[in-house]
Amino acid sequence: MNALSAEIVVAIDGVEVARRAVPPGEYLLGRGVDCTFRFDDAAVSDQHARLRLSTDGPATIEDLGSAHGTYLNERAITGAAPWPPGAELRIGANVLTLNFEAEPPTIPASIYTPPSPQPLGPLDSARPEGG
């Protein structure tokens, strides 16, 4: 199975403001300096939510008790919830979309090995004269 490459797109009022590739791992979202995804938005808590991405693609988003809530497709979530690709996550005025793309398999630059050359037969010049 090929690894999945994740990307998060952030929009405000329908205008894309950021796009970021995200490797598997755990990320804090919020206003705090310790957050991987920081938002300058009064409706976003210092540690608003946690994103978990695994190597095979499943993603979960967890509201960390934020004051203004975390919304997945405009439905409030409490605790952890799956974040499917293409679903919109709203934190304050920020709308995040998670996309996955399968990375192509790694193939060596050349997998073709040409055949060994056939040995040459006797050369005409190597024949004895008069033969």
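Tutor: Let us start with contacts: contact means heavy atoms within 4.5 Å. Please bear in mind that this is a predicted model.

Student: Which residues does Asn94 touch, not counting residues up to four places away in sequence?

Tutor: Asn94 touches Val10, Ala11, Ile12, Phe39, Asp41, Val44 and Leu89. With Asp41, the side chain of Asn94 also makes a polar contact, side chain to side chain, at 3.3 Å. Asn94 itself belongs to strand S11, residues 94-102.

Student: Does Asn94 count as buried or exposed?

Tutor: Buried means under 20% relative accessible area. Asn94 has 5% relative accessibility and therefore counts as buried.

Student: How does Ser54 count, and where is its place?

Tutor: Ser54 counts as partly exposed because its relative accessibility is 30%. Its place is in the loop between S5 and S6. The C-alpha atoms of Ser54 and Pro23 are separated by 8.6 Å, although these residues are 31 apart along the chain.

Student: In which sense do strands S5 and S6 pair?

Tutor: Strands of a sheet pair through backbone hydrogen bonds, either parallel or antiparallel. Here, strand S5 (residues 49-53) and strand S6 (residues 59-63) pair in the antiparallel sense, over five bridges. Ala49 stands opposite Asp63 in S6.

Student: What is the order of the five strands in the open sheet?

Tutor: The order is S4-S3-S5-S6-S9, with mixed pairing. Strand S4 (37-38) and strand S9 (80-82) are the edge strands, each pairing on one side only.

Notes:
Residues are numbered from 1 along each chain as its sequence is written. This is a predicted model: local features need pLDDT of at least 70, side-chain atom pairs count only at pLDDT 80 or more; totals for chains, interfaces and linings use all residues. Side-chain values use heavy atoms; hydrogens and water are left out. Two strands pair if DSSP finds at least two bridges between them. Helices (H or I, at least four residues) and strands (E, at least two) are DSSP runs, numbered from the N terminus. Buried means under 20% relative accessible area, exposed over 50%, partly exposed in between (1.4 Å probe, protein chains only). A polar contact is a pair of N or O atoms within 3.5 Å; within protein, one must be able to donate a hydrogen and the other to accept it, and residues adjacent in sequence count only if both atoms are side-chain atoms.
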